[in-house]
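Hi,

Here is the structure I promised to pass on.

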Amino acid sequence: MTADMPALASILVACVGGSLLSLAIAAGVALRVRASWIPTLVSFAVGALLGAVFLDILPEVFERTKNPSRITAFILGGILAFFMLEKLLIWRHHHHPDVQDGEIPPHHGDHDEPGHDHGGHDHGRTGYMIIAGDSFHNVTDGVIIASAFLADQRLGVVTALAIIAHEIPQEIGDFLILLHSGFGKRKALLLNAMTGVATVLGAVIAYFALRHVSAWIPEILAVSAASMIYIAVADLIPGLHKRTALADSAIQGLFIALGIGIIWIIHASLEV
């Protein structure tokens, strides 16, 4: 398999379009979002991620490989690697120390004015750490999207949609934390937009590197699947367990199923 310009165009459209879409939705929602909405978005993201992994990426990987044991070893190693990376780079850089995933930062109530520096804040330090963590994540997202498109156009579309699905609730939470850290609306928007460049950077690097190592695409996709499993299971699902009411659990289950169902519909409609 060789990479070509149509593939590069598809990769760039997916990365740029996905970044702009997630940023626009995050900026539009973050300023008026209620805490009760975030778990619903996270639930859908979980379904979309797991649906993409188990309905598209892994079947594609096992179809291409002649050594399934090698692939499962890469998946296991990838999960361990992302655990260590989160410990080393993301844990303190991506999360506000007083904020859980899917929750609005404390004191950011209806009467707070976004963009003003509230008492006790760190004057943007946490916000900059979040941007650093997001940039790392977005480079990884770009690699995932590029490797998927180079393997198969349909797989690339599904993977890009799944990435966008999990980026939206993440971007909303990050936008709120930036505002809470004392950034104005415009600066928060600009900083989040800058992290989108990292997605394109990761995709372009992956495109020009992968074109010479196509034999490694199953292993790369296996690591990509590991990252998506890790994000869904280790980062997103634990936040859902914080809401234990029967109604909340039912809604979460419904939207997880909805995320999986949409991925299945996309898979079926694009299958030739």
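Below is what I found when I went through it.

First off, this is a predicted model, so please read it alongside the confidence scores. The average pLDDT is 77, and 76% of the residues score at least 70. Among the helices, helix 4 has the lowest mean confidence at 78, while helix 8 has the highest at 88.

Of the contacts between residues at least 6 apart in sequence, 87% join residues at least 24 apart. Buried residues account for 48% of the 272 in the protein.

Now the inside. The largest nonpolar core has 48 residues, and those with the most contacts within it are Ile11, Ile57, Ile145, Leu150, Leu221, Met228 and Leu236. Helices 1 to 8 each give two or more residues to this core. Another core, of eight residues, lies apart from it and includes Phe175, Phe183, Ala188 and Leu191.

Leu221 is a handy place to start clicking: leaving aside neighbours within four places in sequence, Leu221 contacts Ile57, Val61, Ser147, Ala148, Ala151 and Leu155.

Helix 6 deserves a look too. It has 26 residues and reaches 38 Å from first C-alpha to last, close to the 38 Å expected. Its buried residues include Ala188, Leu191, Asn192, Thr195, Gly196 and Tyr207.

Cheers

Methods
Residues numbered from 1 in each chain as written. Predicted model: local features only at pLDDT ≥ 70, side-chain atom pairs only at ≥ 80, totals over all residues. Heavy atoms only, no water. Core = buried A, V, L, I, M, F, W, Y, C linked by side-chain atoms within 4.5 Å. Buried < 20%, exposed > 50% of the residue type's maximum accessible area, 1.4 Å probe, protein only. Helix = DSSP H or I, 4+ residues; strand = E, 2+ residues; numbered from the N terminus. Contact = heavy atoms within 4.5 Å. Expected span 1.5 Å × (residues − 1). pLDDT = per-residue confidence, 0-100.
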